[in-house]
Amino acid sequence: MTQEWFRQLLQAALVLGLAPLLSGATRKIRARLLRRRGPSVFQPYRDLLKLIRKETVVAENASWLFRAAPYAIFATTWVAATLVPTFATGLSLSGDGDVIVIVALLGTARFLLALAGLDVGTSFGGIGSSREMMFASLAEPAMLMAVFTLSLIAGSTQLSAISAFMLGPNGGLNISIALALVALIIVALGENSRIPVDNPATHLELTMVHEAMILEYSGRHLAVIEAAASLKLLLYISLIACVFVPWGTAGDGAGAVAYAVGLGAYAAKLAVFAFLLVLFETAVAKMRVFRVPDFLGIALMLGLLATILMFVSKVPR
Amino acid sequence: MPLSTPHCLSQLAASGVGLLFALAPIGIFAARRPLGIRLTYAACMLICAGLAGVALLVLLTPASKLGFIHIPVGLPLGRTVLGFDPLSAAFAVIINLATAIISGYAIGHGAHAREPLRIMPFYPAFIAGMNLVLLAQDAFSFLVGWEFMSLASWALVVSEHNSAENRRAALVYLIMATGGGLALLLAFGLLAGPGGGYAFDQIRLAASSGVGSIVLILALAGAGSKAGLVPLHAWLPLAHPAAPSHVSALMSGVMTKVAVYGFVRLIFDLAGPPLWWWSIPVLLVAGITTLLGVLYALMEHDLKRLLAYHTVENIGIIFIGLGLSLAFKAGGLGAAAALALVAAIFHVFNHSLFKSLLFLGSGSVLTATGERDMEHLGGLIHRMPVTAVAFLVGCIAISALPPFNGFVSEWLTFQAILLSPQLPQWIQRLLVPAIGAMLACSAALAAGCFVKAFGMTFLGRPRSGAATAARETDRWSRSAMLVFAALCLLAGVLPGFVIDSIGSVTQMVVGSRLSPQAALPWFRIIPINPARSAYGGLLLFVMILIATAATAFIVRRFAAHSVRRSPAWDCGFPDASPATQYTAGSFAQPIRRVFGSVVFRAREHVTMPKPGDTAVAKLRVDLHDTIWEAFYAPVIRLVEGAADRLNKLQFLTIRNYLMLVFAALVILLIVVGTL
Amino acid sequence: MNPFDTNIAHLLAGSMVLVSFLLLYQDRMLPLLNIFAIHACVLACSVGWQAYVQRAPHLFITALIALLFKGVMIPIALRRIVVRLGIHRTIENVVSIGPTMLFGIALVGLSIIVMLPVTQSADTFVREDLAFALSVVLLGFLMMVMRRNAVSQVIGFMSLENGLVLAASGARGMPLVVEISVGFSVLIAFFVVGIFLFRIRERFDTVDLQALDMARGEST
Amino acid sequence: MNVSVGTVALAGLLAIPSLGIVLLAVIPNYRIAAPLNVILCAVTLVSAGALYSHRPEPSLYLIVDDVNTVFLIVGALVGFTTSVFSAGYIAHELQTRRLRSRDVRFYHAMYQLLMFALNLALVSNNIGLMWVAIELATLTTVMMVGIYRTSAALEAAWKYFILGSVGIALALFGTILVYVAAEGRLGEGMPAMAWDRLAAHSAGFDPALLNLSFVFLLLGYGTKVGLVPVHAWLPDAHAEGPTPISAVLSGLLLNVALFALLRFKMIMAGNPGVISPGPMMVTMGLASLIFAGLMIYRRRDIKRMFAYSSIEHMGIITFAFGLGGPFANFAGLLQMAMHSLTKSGIFFGVGYVCQLEGTQQIADIRGLTHSQPLLGWLLLLSVIAIAGLPPFGIFTSEFLLVTSTFAVAPWLAILLVVGLMIAFSALMLRIHGMAFGATDKHYSLGAYRLAPMALHLTLVAIAGVYLPGAIVAWFRHAAILLG
């Protein structure tokens, strides 16, 4: 019990600590791929600190919701992130939240963010919220369908159980799981405002989505929101890693060595996925906003196809 | 102790319903002065609370200790049997709890009615009708209650009769309600058989699946039209918003639940053992309902109509649960059937809470601003803070987001969907995941829908003078909404108690129940087994609270404390006019572009004047109500055409009439002659 | 009932049908009234013969009523109305004579067919008498339907009632109450017709029902 | 003792209206005549009520049994309440000079004659007498329909007269055929026309003759009932006559005519060789129901609209009896009684509405629940009652009818339900426009004048919730007799 709580707290601290680093790493890799030097991988930490120290400017007619939302968004994302096994399974909270809960918690965060975008009553905030919800209307079911496929195959919605199943004799890549993976990756790109869906680095008025929603934020509020965004990216990568490359994760009741192995494996996975992500981002161009539904729609179709093919490919249950 | 006798609870409940009926004529006199109105609503509140208590007792009493009462009124050739069994008791708790709170709201809100005489007599009658449906243990009382419920709510819908729109709404409603009632009448006719065994226990003895198949279709039409299943939902978005807001809450939050009860009673209890294919029409209709309901809601800019359309979506979710349960029950999977049914009834409960809450909130907004159109609202969070908080809770809950209650039932539904590989038929195994996709899609759309609803109404800047001048509502209304909001949270973090209460229902209806949940550590719920799935709403809620508090504390601890208010930045293009904000229409535009072009045949027409021309540029959006055009318009055309054609018979000459008589005579003679 | 009696009764009943055809054929007003008088007289004979055969003296009263009212008074009264209204010209049939007659024959055939299965009655007379009566009724009805003029419709109606009386008299021992009621109804019928014809005259200046058609209760 | 009370009551039932004819024909003053009319009807009602517990022995001419007692009482009640309504209504007509006092004298005498004829038709044990009584009632109402002497009224009366006379003739032919069929078995003369004997011995009658006779009876009496396609007189007669007469027509005459048809159906039911009259009645009933329902959509005249609703209900009732079986027959009987009460109540309301608004055009009437709330709501509730919604009695009967039909003949039940839906929608469409809507008119109308309407509605509501055991027993017995 205590060990579980310890692992859980460690995990919470770990994800919180690693998230900005992951963002920094992606930026660095991206810069290198573009033949730039790029900022240090620790730049996000500095940015956060800088933002926190700055004066906070709040729009005149912003309500309490505008000011409270960042904390709630951050907290929800953080709780969701702690539910995903990273370096070890058997977390104390794993009995409280399965993969559907994780999706839903992210939904709560998005819901609040969209509201915050509308609160000041500007046109850009509205654009962001409206587009975000439209993307979500496709991305969320796509994600759930991918999750369904995995859950149906593994007979569980618990991430640790799915992870264990994938490690077991019946795990491995079959067509359903492959499709689910592709769907999940597409969703992850969309949800984290990555190219080709959105560009986190842009402030070009008519194309931004995520940035439009948080346009009015500044100072510590912006810092918290930025932290939540990097946590979300970490969460998605962890999720994909936990399900599709579950090797190395420490199991229940493992010793210190296993933890060390688990941590190392986790760091390696993060690095690999960050590299792949940036590689993909640099290789494609951003889409027009109304091409995105097609893109996400593909994910939804793939997810559904994965579920249906699961019956064909005769995975033992 | 009278509680020990089996009939006592039924007697108590019946007398409660009797009191409500008696309150209806009293309402005529009470409507004349404000105190009378308040007292009437207070009486409704107390009686409903009592009824909810009685029903809860029934739910906790072992089934063997329950008894029904027979009263010598009602159908001349049958017998009238009244009483709660676990199934009706569960629904009775749900509807009376919500009704009691809504009545509490009405104590404050009811004073705003322009013509209270058109509301007061019908309000108690409406509640009484709903309770009678639940209390009935024979077909006649059931239908009397059913029609009474329709009739009283119709009167309430038409209470603001000066608007032609309301009159049309009421008319469409009454006609469809009666049509549904007739479908149920047929169903009961089939179940009762030629011998006329109208009591439920007689029907249960005689039930057979062959008959049940037709009953299923009729129940889908009858109960479905009342609940709002597509394509029989057309009345719902018209009628629910037309009524005074607390009545809208009753209709949307409560009455539709009675319809669900009707379906469960007919199909799960009376129609006999289900056949495997029964679930397919239910699931298909439910899936389509879910998706279309939310899409319709997204296209709507009228706050109350949006909520009403969203009721359609939620009814779809409930029926998905029911359809799954039916599938599992037919497949002999008792535990899975129990899970799906629990999910459905849990969602019934949840929806009664948050939909009532949202309608009450919209009522407060309507009273404060006189506006239902979201394009004229905005910024109310500043002027109506309590309403805004309650409404926000409702919005999050209805969007099925944790840690509120809506998520729990949807999660349970997903868990049931994930059990579908156990089903014996291939078609079901393929269908159920597709339905799951629809459910997932609608959940995400619902979130968009309520971002729009809350954002346009409460956030941003006021879009009209009325919204600028809005005032917070009265004490009663605020308290009622906060109670609902609190219940939404409670049911979300302590779902185990709700699930356990439904246990005796599933035991009765599908012959199985989930393992007790309330005793699990941290009030987690584990519907099947811990390795498969679990959800700990309480712990997650606490974690989120702690995380929020900790973050806020730490950030504020280290952050610069200066906060400056300034005009909005808006990328450097701020505009003082509230008209530059995103509107409800523009918010929904991306989703309309994605889904609407197929579902609503949405087309945008832009009229752009030539350069130099000072005419106004215009954007026009054409939306088609495809369901109305596909299902209703042809029927109306048919009837109108037939009426037009036959109407010529009114204008014949006497000789032609004689000719009709003569022809009838000759034809009948030929018939007799050839026999 | 001996064969001779039956044959006479048959002959008279058959004549009724024949005269009905004449009524159907005649399309001028005054001769039509004359033929109706003949129709009533034949009926009177037939009923009288039944009274004699059945030893039922009350039927003589019916016969007398038929003779006096329908054979004499009504034709005279109608003639006056017709003359006063100035409609003693040719009346047009709605359908031409030929098809009307064919249809009439078909109706007679129909009435015989529907009477054929009647088996239980001891003698065939009742059956055939009823068949004739039914024919008269149907032909009278046909006349009502085929004519446009109110007077000739009334005549059609009365010939229909003649058929009823024929049937009633043929039914053995049918109580007097029926005959009286027939007389009664004829009386009232005529009385009311008179009133209405008068009022219609007063209002519309014609008895042609087509004029009535102008004043529909519910104008579109 | 019982017998003598019953005999007196029976005699009173016929004698009081006869007395009324004479008295009211000579009393010129409306102020005396109208109360007298009410009193006479009240006494008739008391006589009818006495038959509830005291039954005289059946004779060759008259009979009081389970079946007709109900109709006698309901009929006398409707007659009484209509006379109360008529008093106020006619006073208004005199005021507005639509009627002259000579007309009113004629009207009152005719009213009592009608009561007499209807009572006679109900209690007669003799199919000939019954025929006479019904024809008398028809002719009386013809007179009353034409009483306004407007062109439309005269046309309606003329149409009624012509079609009614043809009906008379056809019904008589049918009656003769029944007699001929019975005569071989029961002997010549009166016994062969006594209904109770006919019904008891019908098994030995010639089935072919009975078959044939039923065609004529159905069309003959069906004309009075208002069954499609022989209904044409009914809407016009209802619309153009004085409203009390519309109430009596719908509330009484149609029922009595249907009652006559039922008497014959009972005879047919006793003979196994007879092809069941059921299919014919079912067909005509359904045709009436659906046809009348569709006709309501295009009506512009409020009274004509409710006349079509009467056709619709007569269709339902005929359908019920045509279907047969204890439940359907029970439903039919119940619906007859309920329709009689409800529809006459509706016509009371319609009478006031027309007088207050000064028009019968539906399009010109709006916002009644606002301009005269009590009248508006009573009318609305009555229409709801007639449309077959609870807590009113017609719901009970339609419940029994639809459920029992569906168990026996599903397709018929579906047609029935479609017909009910069509008629319901049409009625609601129309009443919505009249009962609701913005209006700034306010009418004053003494609440006491709405008492008859309220009474009818209350009775129907009570019957919908609770039907006394005695009435249930009567209906059951009658339903069994009806086969």
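# Reading a four-chain predicted model

Student: How many residues does each side give to the contact between chain D and chain B?

Tutor: Chain D puts in 52 residues and chain B puts in 47 residues. Keep in mind that this is a predicted model. The size of an interface is often given as the accessible area lost when the parts come together, but here we're counting residues in contact, with C-beta atoms within 7 Å.

Student: Which elements of chain D supply the side that touches chain B?

Tutor: At least two residues each come from α6 (151–186), α8 (207–225), α11 (278–297), α13 (326–357), α16 (393–408) and α17 (410–435) of chain D. The top contributor is α16(D), which gives 11 residues. Sort that side of chain D by class and you get 42 nonpolar, 8 polar and 2 charged residues.

Student: Which pair of chains shares the most contacts?

Tutor: Chains A and B do, out of the 4 pairs of chains in contact. There, 74 residues of chain A meet 74 residues of chain B. On chain A's side, the elements with at least two residues each include α2 (43–53), β1 (56–59), α3 (64–83) and α4 (99–119). The most comes from α5(A), with 18 residues. By class, this side of chain A has 39 nonpolar, 22 polar and 13 charged residues.

Student: Let's zoom in on chain B. What is its secondary structure, and how is the chain divided into domains?

Tutor: Chain B has 24 helices and 5 strands. Its assigned domains are domain 1 (1–218 + 231–250), domain 2 (593–624) and domain 3 (631–674). The C-alpha centres of domain 1 and domain 2 of chain B sit 46 Å from each other.

Student: How do I read the radius of gyration of chain B?

Tutor: Compare it with what a compact globule of that length would give. For 675 residues the expectation is near 26 Å, and chain B comes in at 27 Å, so the two agree. Along the principal axes, the C-alpha atoms of chain B fill a box of roughly 100 × 70 × 60 Å. Buried residues account for 63% of the chain. Looking at contacts in chain B between residues at least 6 apart in sequence, 79% link residues at least 24 apart.

Student: Is strand β4 (residues 603–607) of chain B covered or in the open?

Tutor: In the open, largely, because 0 of its 5 residues are buried. β4(B) still has a partner, strand β5 (residues 618–622) of chain B, and they run antiparallel over 5 bridges. One of the bridges joins Arg603(B) to Asp622(B) in β5(B).

Student: Can we do one residue? Why does Ala188(A) count as buried?

Tutor: Ala188(A) is buried because 22 other C-beta atoms lie within 10 Å, and the cut-off is 20 or more. You'll find Ala188(A) in helix α7 (residues 175–191) of chain A. Leaving out residues up to four places away in sequence, Ala188(A) touches Tyr236(A) and Ile240(A). Met143(A) is 45 residues from Ala188(A) in sequence, yet their C-alpha atoms are 8.6 Å apart.

Student: Last one: what does chain C consist of?

Tutor: 8 helices and 0 strands. Of the 220 residues in chain C, 48% are buried. For contacts in chain C between residues at least 6 apart in sequence, 71% connect residues at least 24 apart.

Methods. Residues are numbered from 1 along each chain as its sequence is written. Chains are lettered from A and ligands numbered from 1 in the order in which they are written. This is a predicted model: local features need pLDDT of at least 70, side-chain atom pairs count only at pLDDT 80 or more; totals for chains, interfaces and linings use all residues. Two residues are in contact if their C-beta atoms, placed from the backbone, lie within 7 Å. Helices (H or I, at least four residues) and strands (E, at least two) are DSSP runs, numbered from the N terminus. Ala, Val, Leu, Ile, Met, Phe, Trp, Tyr, Cys and Pro count as nonpolar, Asp, Glu, Lys and Arg as charged, and the others, Gly among them, as polar. A residue is buried if 20 or more other C-beta atoms lie within 10 Å of its own, exposed if 12 or fewer, and partly exposed in between; C-beta atoms are placed from the backbone. Domain bounds come from an automatic or database domain assignment. The radius of gyration is taken over C-alpha atoms; the globule rule is 2.2 Å times the number of residues to the power 0.38. Two strands pair if DSSP finds at least two bridges between them.
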